[in-house]
Structure formats: structure tokens, C-alpha cells
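Thanks for coming, everyone. Please take a look at the structure on the screen, and I will walk you through it.

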Amino acid sequence: MVGNDIVDLVEAKSASNWQRPRFLEKLFTKAEQELIYNSENKFLMVWRLWSMKEASYKLYTQQNPSRFYNPKGFECHIENENGTVRYNNFKCQTKTKYTSNYILSEARISDFKMTSKVIGLKSDITNIQSEIMKQTLLNEISTLFQVSILDLKFKKSELGIPSVIINSEEIPVSLSYHGSFGAYVI
Amino acid sequence: MTKDELIPKLKTIIAPYIQDEEAFKNLTEETDFVNDLKINSANLVDIILDIEDEFDIRLENEDMEKMLDVKSAMDIINAKLER
């Protein structure tokens with residue numbers, strides 16, 4: 001099982017204002033807020049922590065099917081590109097990659113190598129973006145598992161948790177879109 | 001506040017963040033912020049902060065947890081206003 005999250009830095013600048021009053025208090029623990037204030041680039045730290053929380057939430061809800069909005073509950077600790085995120089008794093590992101265009105985080109239970117793939121999405125229509133992502137993901141799984149794409153089915157549970165069905169086997173996947181980027185991982 | 005009073009106020013608040021015009025036009029109590037309106041989860045906090053400002057209330061973590069659709073938003077706002 002896996003969770004991932006991508007943050008388009010241009011989109012994060014234009015669509016969110018992390019400096020608005022109470023924004024940080026609502027999303028981040030005291031320790032995380034301190035980490036942000038002590039960072040050279042506060043903007044990047046805000047969105048790195050955010051992407052770690054989102055990736056971990058997606059992993060958590062794969063293991064524990066549910067839906068809620070509690071970013072602050074996912075407590076992040078970071079060490080270089082690695083991270084640990086805790087939510088109540090749940091604990092997972094994260095890895096984060098920065099480029100000048102985006103921040104990408106991936107979460108799994110135990111140590112791992114990051115395998116999320118990023119694609120540029122030209123359309124800004126969410127439905128088209130999600131269709132492009134699904135097709136790219138199915139193509140990749142088709143190659144990886146050497147099965148015809150016709151035998152694959154993308155599924156979203158009632159709670160919105162994604163997976164791909166190969167014959168009767170269900171493979172957990174994670175997808176993320178933000179601004180002009182999408183990321184998917186198997 | 002009644003449904004008829006609350007829904008227009010909520011619509012004004014969430015309008016800047018929606019990414020599905022059609023779902024927004026047909027908004028009902030059942031409309032989901034993320035699944036239907038395609039609001040980015042990073043913007044849910046903005047909606048929460050805008051609600052706090054508009055209604056002069058403060059939402060706790062437990063309230064935020066449930067803020068996923070129009071109905072829960074209305075319930076939470078009303079519960080806070082009654083206090």
C-alpha cells in the first residue's frame with residue numbers, strides 16, 4: 001500500500017496563502033510550525049509538510065477505509081528527504097523530492113525507494129486531468145504485470161480510495177493532481 | 001440559521017475554490033466539497049477560515065474533521081451559532 005501527493009509550486013503560490021491568519025495553526029502542530037518558522041524557505045517547508053501529511057493520509061485510508069479532514073493529526077518529523085508521520089497509533093515513512101516546479105511526497109509503512117511518476121497536465125479541467133492520469137497508470141500496470149489493458153479496471157471505492165483490478169486481484173494505487181502536475185504510484 | 005439562509009452564504013464562500021461549475025450550479029445539501037466540487041484539499045482550510053470569519057465562530061479540530069460536504073458544514077455552523 002502506498003500514498004502520494006504532489007504540490008505544484010506555482011499553483012500553491014497562487015491558489016493558497018499560507019500567511020493568512022490562523023492558516024498554519026489549523027494545519028500544523030506546534031513543532032511543525034516551529035520547523036516552518038526556522039526554515040530558510042518557509043513556503044517550501046509549508047508545502048513539504050503538507051504533501052507528507054496528504055501522502056500519509058492516503059496510505060492510512062487505504063489501510064483503514066475512512067474519510068476525514070484532520071491534517072494536523074498527522075504529525076511529521078523530517079530528516080533530510082526522509083520523514084516519519086504519525087497519526088494516533090499509525091506510523092509510516094515518507095520520502096520527499098523537490099524540483100523547481102513541484103514537491104512530491106510518497107508514504108509507505110516501511111522503508112522504501114520512491115517510485116511515483118510525475119506527468120505534466122496541460123488541461124486545467126479536473127475531469128480531463130483525472131482521465132489522463134488513469135490511462136497513464138493503466139498503461140504502466142499493463143506493461144509491468146504483462147496483462148492486456150482490457151483486463152484492467154480502475155476502481156474508486158465509495159470513500160474515494162483508488163485501486164486497479166487485475167482479473168480479481170485488487171492493487172492499491174495512489175494518484176495526486178495539483179495545478180499542472182499529476183503523480184501516480186503503484 | 002435555516003437551510004435557505006445558510007446555503008447562499010456557503011455558496012459565496014466556496015465559489016472561489018470550486019473546480020466543477022456544473023456541480024456548483026446544482027449544489028444541494030448532499031454536495032461533497034472534494035468529490036463533487038473538486039475542491040483541492042489544500043483549499044479546504046481556506047473554506048474553514050472563511051466560514052470562521054463570515055460567522056464569527058472558531059472551529060476546532062473535531063469540527064474540521066467532518067467538514068467534507070455542505071450538510072456537515074451547515075450542521076457545524078449551526079451548532080456553533082447556537083452556543
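**The serine at the contact**

Let's start with B:S41. Leaving aside residues up to four places away in sequence, B:S41 touches A:W50, A:E54 and A:Y69. Contact here means heavy atoms within 4.5 Å.

A word on ground rules. This is a predicted model, where local features need pLDDT of at least 70, side-chain atom pairs count only at pLDDT 80 or more, and totals for chains, interfaces and linings use all residues. Residues are numbered from 1 along each chain as its sequence is written, chains are lettered from A and ligands numbered from 1 in the order in which they are written, and side-chain values use heavy atoms, with hydrogens and water left out.

Back to B:S41. It is found in helix α3 of chain B, residues 41-55. Helices are DSSP runs of H or I, at least four residues, strands are runs of E, at least two, and both are numbered from the N terminus. B:S41 has 19% relative accessibility, so it counts as buried. The cut-offs: buried is under 20% relative accessible area, exposed is over 50%, and partly exposed is in between, with a 1.4 Å probe and protein chains only.

What does UniProt list for B:S41? An unreviewed entry gives "modified residue: O-(pantetheine 4'-phosphoryl)serine". UniProt positions use the numbering used here, feature names are shortened, and annotations may be inferred rather than shown by experiment.

Now chain A. For residues 2-99, UniProt lists "domain: 4'-phosphopantetheinyl transferase", from an unreviewed entry. This span is 43% helix and 27% strand. Its end C-alpha atoms lie 21 Å apart.

**The interface**

The size of an interface is often given as the accessible area lost when the parts come together. Here, chain B and chain A bury about 2000 Å² between them. Of that, 45% is on carbon and sulfur atoms. Buried area is the accessible area, with a 1.4 Å probe, that two parts lose on being put together, summed over both. In chain B, the residues that lose the most area to chain A are B:L49, B:M64 and B:E65. Together they account for 25% of what that side buries.

**Rings**

Over all chains, the structure holds eleven aromatic pairs. One of them is A:Y60 with A:Y87, edge-to-face, 5.0 Å centre to centre and 75° between the planes. This pair links distant parts of the chain. A:Y60 is in helix α4 of chain A, residues 42-63, and A:Y87 is in strand β3, residues 82-87, 27 residues apart. Both A:Y60 and A:Y87 are buried.

A:Y87 has another partner, A:F74. Their ring centres are 4.3 Å apart and their planes are at 5°, so the pair is stacked. The rule covers rings of Phe, Tyr and Trp (its six-membered ring) with centres within 6.5 Å; planes under 30 degrees apart count as stacked, over 60 as edge-to-face, and the rest as tilted. A:F74 is in the loop between α4 and β2 (75-79) of chain A, 13 residues from A:Y87. A:F74 and A:Y87 are both buried. Which residues form one aromatic cluster? They are A:Y57, A:Y60, A:F68, A:F74, A:Y87 and A:F90.

A:K95 lies over the face of A:F112, 5.5 Å from the ring centre. In chain B, the charged end of B:K11 sits over the ring of B:F24, 4.9 Å from its centre.

Last stop: A:K58, in helix α4 of chain A. At 18% relative accessibility, A:K58 counts as buried. A:K58 and A:S174 are 116 residues apart in sequence, yet 7.3 Å apart in space, C-alpha to C-alpha. Not counting residues up to four places away in sequence, A:K58 touches A:G3, A:N4, A:D5, A:S174, A:L175 and A:S176.

Notes
Lys NZ or Arg CZ within 6 Å of the ring centre and 35° of its normal.
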